[in-house]
Structures are given as C-alpha cells and as structure tokens.
Amino acid sequence: EIDSSPLEFLKGEPRENFVGNHIYGPILQAYGQEEAPTITGMILDESAVDYKELLTNQQYFAAKVQEARAILKKSQQEAAAQAQQQ
C-alpha cells in the first residue's frame, strides 16, 4: 500500500506526477510499454478519479485501469476500422 499523505499537500501538476509515478509501474507490468503511458494518462486526465482511492484501494485501482484500457481498445478498433474504409 502506498502512503497517500503527500496528496494532502500537493496540488495540480505535482499531485498528478505523484500519482502517476505510483500507478505507472503496476500498469506497465500488466500491459507493457505500448499501452502503459496511455492508460496512465487517461486515468490522470479523468476528473472523476479519486487519487487517494487509486493509491490505497486495489480494487478501485484495478477497476479504473480496466475502464481506461477498454476505452483505449475500443478507440484503437474504431481507428483500425476507419483506416480500412479509406
């Protein structure tokens, strides 16, 4: 479990960097170099994400990663389908 107490003092970009640095590793291990940066960015960009929950609740973290990956996969499939039509 990650110490989320610095979140109380961080705002804006430093806060996002703190969270991003902690979630990137597990995402990289699960989905590799090709998807990890995008999935991490998508999670950080989502305004409804609770950063403290993300760092301290494994189920919440896993759900958010799966949501982001599903959106990424859908957009890749749509882009591939569009490219085939052209």
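Predicted model: local features only at pLDDT ≥ 70, side-chain atom pairs only at ≥ 80, totals over all residues.

Modeller: Residues are numbered from 1 along each chain as its sequence is written, and side-chain values use heavy atoms, with hydrogens and water left out.

Colleague: What makes a stretch a helix here, and how many helices does the chain have?

Modeller: Helices are DSSP runs of H or I with at least four residues, strands are runs of E with at least two, and both are numbered from the N terminus. The chain has three helices and zero strands, and the pattern along the sequence is α-α-α. The C-alpha trace spans about 50 × 25 × 20 Å along its principal axes.

Colleague: Why is glutamate 35 called buried?

Modeller: Buried means under 20% relative accessible area, exposed over 50%, and partly exposed in between, with a 1.4 Å probe and protein chains only. Glutamate 35 has 9% relative accessibility, so it counts as buried. In the chain as a whole, buried residues make up 27% of the 86 residues.

Colleague: What makes the pair of arginine 69 and glutamate 35 a salt bridge?

Modeller: A salt bridge needs a side-chain nitrogen of Lys or Arg within 4 Å of a carboxyl oxygen of Asp or Glu. For arginine 69 and glutamate 35 the N to O distance is 2.6 Å, and the pair meets the definition. Arginine 69 lies in helix H3 (residues 58-85) and glutamate 35 in helix H1 (residues 12-45), 34 residues apart, and the pair links distant parts of the chain. Arginine 69 is partly exposed, because its relative accessibility is 26%.

Colleague: How many salt bridges are there, and which others sit in helix H3?

Modeller: The structure holds five. One of them joins glutamate 67 and lysine 64, with the closest N and O atoms 3.6 Å apart. These two are three residues apart in helix H3, so about one helical turn separates them. Lysine 64 counts as buried because its relative accessible area is 12%, whereas glutamate 67, at 38%, is partly exposed.

Another joins lysine 74 and glutamate 78, at 3.4 Å between the closest N and O atoms. Lysine 74 and glutamate 78 are four residues apart in helix H3, again about one helical turn. Lysine 74 is exposed because its relative accessible area is 52%, and glutamate 78 is partly exposed at 45%. Salt bridges that share partners also join Glu35, Arg69 and Lys73 into one network.

Colleague: How do you know where the positive and negative charges lie on average?

Modeller: Lys and Arg count as positive and Asp and Glu as negative, with His and the chain ends not counted. Each charge is placed at NZ of Lys, CZ of Arg, CG of Asp or CD of Glu. On that basis, the mean positions of the 7 positive and 13 negative charges are 3 Å apart.

Colleague: What makes a group of residues a nonpolar core, and which residues have the most contacts inside the largest one?

Modeller: A nonpolar core is a set of buried Ala, Val, Leu, Ile, Met, Phe, Trp, Tyr and Cys residues joined through side-chain atoms within 4.5 Å. The largest has 18 residues, and those with the most contacts inside it are Val19, Ile23, Ile27, Ile39, Ile43, Tyr51 and Leu54. H1, helix H2 (51-56) and H3 each give two or more residues to this core, with H1 giving the most, eight residues.

Colleague: What does methionine 42 touch, and is the residue buried or partly exposed?

Modeller: Contact means heavy atoms within 4.5 Å. Leaving out residues up to four places away in sequence, methionine 42 touches Ala68, Ile71 and Leu72. Methionine 42 lies in helix H1 and is partly exposed, because its relative accessible area is 25%. Methionine 42 and leucine 72 are 30 residues apart in sequence, yet their C-alpha atoms are 8.8 Å apart in space.

Colleague: Why is serine 4 called buried?

Modeller: Serine 4 has 10% relative accessibility, so it counts as buried. Serine 4 is in the segment before H1 and, neighbours within four places aside, is in contact with Lys52, Leu55 and Thr56.
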